Structure formats: structure tokens, C-alpha cells
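I set aside some time for a look at side-chain contacts, with the viewer open and a notebook beside it. Here is the structure I was working from.

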Amino acid sequence: MATQDGSAEVIMESDTRPNDGEPLEGDSENASQTDSGNATTQDCSISNGDDADEQQEMVDLKIIWNKNKYDLKIGIDNTGAKLKEKIHSLTGLPPSMQKVMYKGLLPEDKTLREIKVTNGAKIMVVGSTINDVLAVNTPKEVIQQEVKAEENKKEPLCRQKQHRKVLDKGKPEDIMPAIKGTKERLPTVPLSGMFNKSGGKVRLTFKLEQDQLWIGTKERTEKVPMGSIKNVVSEPIEGHEDYHMMAFQLGPTEASQYWVYWVPAQFVDAIKDTVLGKWQYF
């Protein structure tokens, strides 16, 4: 290009290309998008530890313990033992100290699906902390051992005079059917048609929500807290081994035993486990 004085003006074309260290236009945006994508990928891989439960069918349960209610969501294919662990995290009550009730004592080795736990079900938990256990003076297991040792010294219960006068009346006509050699959970209806020591009809109702055993006769119904029952003893009835005679020890001595006759054999273990609980030591 010529100047006014005719000399040539030299125009230097500058190199507008960026330095190697500077990003090209648009690179920053691309890099940002790439970083954002990476961040999103990283976030998706973070686990809260409940993936196993989230991948299976869930049920909402209402846990009731010590007059408190807790909401719990758990996979229906978890076992009773896993449920106890969840209850421990909610209540602080160790699994070994829990007696978990759902239509009877809840088995630890079966899944919630197998025992037909439904959504919204109420799960009753009975249990005491270790401090409560240690605070009791007379352990229940000691009483049970003493009663068992005393029984071994005696003749069979069904041969004793005090029981013969009831057993000799024969099997009640309206007694519930019995199955020898099997173990079943408690039925959803009261056990009825049995005799008490006076020969009157008696029925047993297990009120799990109140943790009570209701002993009903024609005259009245005794509502007995299960925690107050010191021991439960039973013996097959000779000649009718599919039925048992059973005593609930309501006080510290055998004099406080309440006898029930013609208890169907298949429910004997379930009654003992429900009333005493395998975890209890007092």
C-alpha cells in the first residue's frame, strides 16, 4: 500500500493462531461438557448400600415394641434373621433378645415371603435389654431346670391322682383335632374344647399385640401377661399321645400352676416358644 510520499507501507500480517497452551474457541465448552458427563457417570456409580433390597420386591411393615411404633421397609425375600437385624437398628434391641411375632413366633430361617408377610403388616416385638435381664434376681432358666429335675423324680403326671380325676372323664367331644409327631404354628383362632383342673371347659387365646395369654372359662377370662409366666410344662397323655396335659406356672412355686388338659400335640412347642420365648433368661 502506498503512502502519501509514495513510499511503500509494509503491513505485517500477525499470526492469529493461539499458543499451544491456549484452547481453541469452543474447546472450553466441549471440555466442560465432557467433565459434566464424567461427573454424571461418577454420581451414578455411588451406592448407598441398599442396592440388594432395592432390586427385590419390598414390603412396608409396622414394627411395634415397648409401646413404640416404627416404620420399616424391607425386601420380602429377606429372612426372619435379617428382619431381626433391621429391628435392632431401629430399636437397639439385640436380635438374641427379640421375640418377634407374626401369627405366632416368627421363624428366623424362613423368608418373609414364605411366611406370607403382607404389605402393611404389624410385627410385634417383645424383648428386654440386657440391663433389664441382669436386674432380675431369679433367672427363669433356673426355675425351669428345678422343675424339670423335680419332674424326673416323680411318676408320670397323667398317673397322679389329682390329674386322673380329670383325665378319666375322657376326651372332650368338641376338642380340636390333634396330629402326633408334627409341629405347627399357633392357629389364628383360640384353642378350645379343653378341660381345666376342675373339669370345666377352658380356652386359650394368645393376644400377641398385648403380649398376653387369655385363659377363658364359662365364668370369666383371666388376662395373664406372658412375661409373668415362669414356666410351661407338658406331658403326653398315656393312651392318647396326640394330646398333652400342660401347666402354666403363674407364680414362683408349683402351687401356682394352672393345668389344661387335652392340648393338641402339634401346638405344644409353639405355645412354649410364644409364652416363654427362646431368648428369655428370667
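**Entry 1: the model**

I am working with a predicted model, and I keep that in mind for each contact below.

**Entry 2: salt bridges**

How many salt bridges does the structure hold? I found 10.

I looked up Lys84 and Glu108, whose side chains meet in a salt bridge with 2.8 Å from N to O.

Is Lys84 buried or exposed? Lys84 has 8% relative accessibility, so I noted this residue as buried, the cut-off being under 20%. Glu108 is partly exposed, at a relative accessible area of 42%.

Next I checked Asp168 and Arg164. Their salt bridge has its closest N and O atoms 2.7 Å apart. Asp168 counts as exposed because its relative accessibility is 55%, and the cut-off is over 50%. Arg164, at 29%, counts as partly exposed.

I then turned to Arg220 and Glu222, whose side chains form a salt bridge at 3.3 Å, N to O. Here Arg220 is exposed, with a relative accessible area of 57%, and Glu222 is partly exposed, with 35%.

**Entry 3: aromatic pairs**

Searching the whole structure gave me 2 aromatic pairs.

Tyr243 and Trp262 make an edge-to-face pair, with 5.8 Å centre to centre and 70° between the planes. Which parts does this pair tie together? Tyr243 lies in strand E10 (residues 240-249) and Trp262 in strand E11 (residues 257-264), so the contact ties together parts that are 19 residues apart in sequence. I noted Tyr243 as buried, with a relative accessible area of 3%, and Trp262 as buried too, at 1% relative accessibility.

Trp259 and Tyr261 form a stacked pair: their centres are 6.3 Å apart, and there is 25° between the planes. Trp259 counts as buried at 6% relative accessibility. Tyr261 is also buried, with a relative accessible area of 0%.

**Entry 4: lysines over rings**

Where does Lys169 lie relative to Phe195? I found Lys169 over the face of Phe195, at 4.6 Å from the ring centre. I also wrote down Lys207, which lies over the face of Trp214 at 4.7 Å from the ring centre.

**Entry 5: strands E7 and E8**

My last stop was strand E7 (residues 212-216) and strand E8 (residues 221-225), which pair in the antiparallel sense. How many bridges does this pairing run over? I noted 5 bridges. One of the partners I looked up was that of Gln212, which is Pro225 in E8. A hairpin of 4 residues joins E7 to E8.

Trp214, the residue with Lys207 over its ring face, falls within the range of strand E7 (residues 212-216). Glu222, the salt-bridge partner of Arg220, falls within the range of strand E8 (residues 221-225).

Key. Residues are numbered from 1 along each chain as its sequence is written. This is a predicted model: local features need pLDDT of at least 70, side-chain atom pairs count only at pLDDT 80 or more; totals for chains, interfaces and linings use all residues. Side-chain values use heavy atoms; hydrogens and water are left out. A salt bridge is a side-chain nitrogen of Lys or Arg within 4 Å of a carboxyl oxygen of Asp or Glu. Buried means under 20% relative accessible area, exposed over 50%, partly exposed in between (1.4 Å probe, protein chains only). Rings of Phe, Tyr and Trp (its six-membered ring) pair if their centres lie within 6.5 Å; planes under 30 degrees apart count as stacked, over 60 as edge-to-face and the rest as tilted. Helices (H or I, at least four residues) and strands (E, at least two) are DSSP runs, numbered from the N terminus. A charge sits over a ring if NZ of Lys or CZ of Arg is within 6 Å of the ring centre and within 35 degrees of the ring normal. Two strands pair if DSSP finds at least two bridges between them.
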